[in-house]
Amino acid sequence: MMFQRYTHLVDDALAGLAPSRETCRWIMDGDDVQLLALLQAAYVPREKVFGRKVKVHILNNVQNGRCQEDCGYCSQSKDSDAPIEAYPMKTDEQIFAEAEQAAKNGASRYCMVLSGRGPSMERTKKLAGLIKGVKDKYPVEVCLSVGLIDDQKAQILADAGLDRLNHNLNTSERMYKDICTTHTYQDRVNTIVAAKKAGMSSCSGLIVGMNETTDDIIDVAMKLRELEVPSIPVNFLIPIEGNPMYSDHTLTPEKCLRALCLLRLINPTAEIRAAAGREGHLKALQPLAFWPANSLFVDGYLTTRGSDMANTYRMIREAGFEVEGNKLYEAEGGEAQAYRVDDTALPILKPEVSRKSSCVPS
Ligand code: SF4
């Protein structure tokens, strides 16, 4: 009887149906949820669309800080005391060099992120030129996160070849005013709609761990479904000292996995990303994220550190998954067979029991 519940989850996801709200609440909070069975239920639609592939994204923080908005989770907001170094937009040379590096490292996408409420028309046109330049030179898809965008600016970026525009909803409409007062939830929805109208793909996700209720998580997951967002980063709040929203102390590895499963089952064909905070919140359960999720970021986030490329690729491979279209990964091939205790190069024998170079009486 119990396992029928997981079978229904799979059947509904494969049929493109969202779970009921009651089922969503059970996924997040049910005491009798068996985590491995839930992960397997989320894996079936993931595997159907994406096989065992994992997409790797690299963020380039093209402009840092100096933002006049007050998003409470963001270390670049006007209300954050986080000791970050603000810098203006990077030079074209820097941006091209970083795009080249991302392409060489085999990233599927190169994501440029600029702080701020949204670009002026002049800035939009400059970004359009950069996007075209990167796409002409390197075999990467380009994603841009640049704040609020109207229809006209979205069209300029789409015409330049932008593959995807990112703008996260972050939480439910009900909770939005608790995390930001300088723009509205509807402003964010309008940006996603503008991207879609211009013919671009969109990327929009959420942050879990901001003192939201289970229903807030369900609401935003359902809204992303309604907007037919094809790429959904699921972020877990990183506690950055100096930010107004620091930590709600509710995130456990299991809760993070349940949230990823919920997003997968509500959005069965979307790219679900185990995004910011995966390392610090999922901890030892991190590889299990590949059952519901099929993508992640490497080399950290906008202002915080994360797992580097070598460790992330190794984790993907050792969990039995495959980095999508990555040459570096393919070249590394046999390392998965190597015995490893941790990331140090220390010998296998414990120092206190291993033979010293000179004769030591026992
Ligand atoms: S999330 Fe974006 S708009 Fe909000 S404070 Fe940070 S940089 Fe500014």
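**View 1. Ala-319 is partly exposed, with 16 other C-beta atoms within 10 Å.** Welcome to the first close-up. This is a predicted model, in which local features need pLDDT of at least 70, side-chain atom pairs count only at pLDDT 80 or more, and totals for chains, interfaces and linings use all residues. Residues are numbered from 1 along each chain as its sequence is written. A residue counts as buried if 20 or more other C-beta atoms, placed from the backbone, lie within 10 Å of its own, as exposed if 12 or fewer do, and as partly exposed in between. Ala-319 sits in the loop between α12 and β10 (322-323). Helices (H or I, at least four residues) and strands (E, at least two) are DSSP runs, numbered from the N terminus. Ala-319 touches Pro-287 and Phe-290, leaving out residues up to four places away in sequence; two residues are in contact if their C-beta atoms, placed from the backbone, lie within 7 Å.

**View 2. Helix α12 (residues 309-318) has Thr-312, Tyr-313 and Ile-316 as its buried residues.** Where do these buried residues fall when seen down the axis of α12? They lie within an arc of 95 degrees, so they line one face of the helix. The arc is that of the directions from the helix axis to the C-beta atoms. An α-helix has 3.6 residues a turn, so residues three or four places apart point the same way. Just after α12 comes Gly-320, with a positive phi of about 90 degrees.

View 3. Most residues other than glycine have a negative phi. Asn-170 belongs to the loop between β4 (164-166) and α7 (173-179). Lys-283, for its part, is in the loop between α11 (278-282) and β9 (295-298). Lys-283 counts as exposed, because it has 11 C-beta neighbours inside 10 Å.

**View 4. The ligand is surrounded by a shell of residues, including Cys-67, Cys-71 and Cys-74.** The shell also holds Glu-69, Gln-76, Ser-77, Ser-115, Gly-116, Arg-117 and Gly-147. A residue is near a molecule if its C-beta atom, placed from the backbone, lies within 6 Å of it. The shell divides into 3 nonpolar, 5 polar and 2 charged residues. Here Ala, Val, Leu, Ile, Met, Phe, Trp, Tyr, Cys and Pro count as nonpolar, Asp, Glu, Lys and Arg as charged, and the others, Gly among them, as polar.

**View 5. Helix α3 (residues 35-50) packs with helix α10 (residues 253-266) at an angle of about 35 degrees.** Their axes are 9 Å apart; axes are lines fitted to C-alpha atoms, for helices over the stretch in contact, and angles run from 0 to 180 degrees between N-to-C directions. Which residues make the contact? From α3 come Leu-35, Leu-38, Leu-39, Ala-42, Pro-45 and Arg-46, and from α10 come Glu-254, Leu-257, Arg-258, Cys-261, Arg-264 and Leu-265. This contact has 8 nonpolar, no polar and 4 charged residues.

**View 6. Tyr-110 lies in strand β2 (residues 109-114).** Tyr-110 counts as buried, because it has 26 C-beta neighbours inside 10 Å. Leaving out residues up to four places away in sequence, Tyr-110 touches Ile-58, Asn-60, Ala-99, Ala-102, Val-134, Val-140 and Val-142. Tyr-110 and Ser-75 are 35 residues apart along the chain, and their C-alpha atoms are separated by 22 Å.

**View 7. Ala-195 belongs to helix α8 (residues 185-197).** Ala-195 is buried, with 28 other C-beta atoms within 10 Å. Its contacts, leaving aside neighbours within four places in sequence, are Ile-149, Ala-154, Leu-165, Met-200 and Ser-202. Between the C-alpha atoms of Ala-195 and Leu-162, 33 residues apart along the chain, the separation is 10.0 Å.
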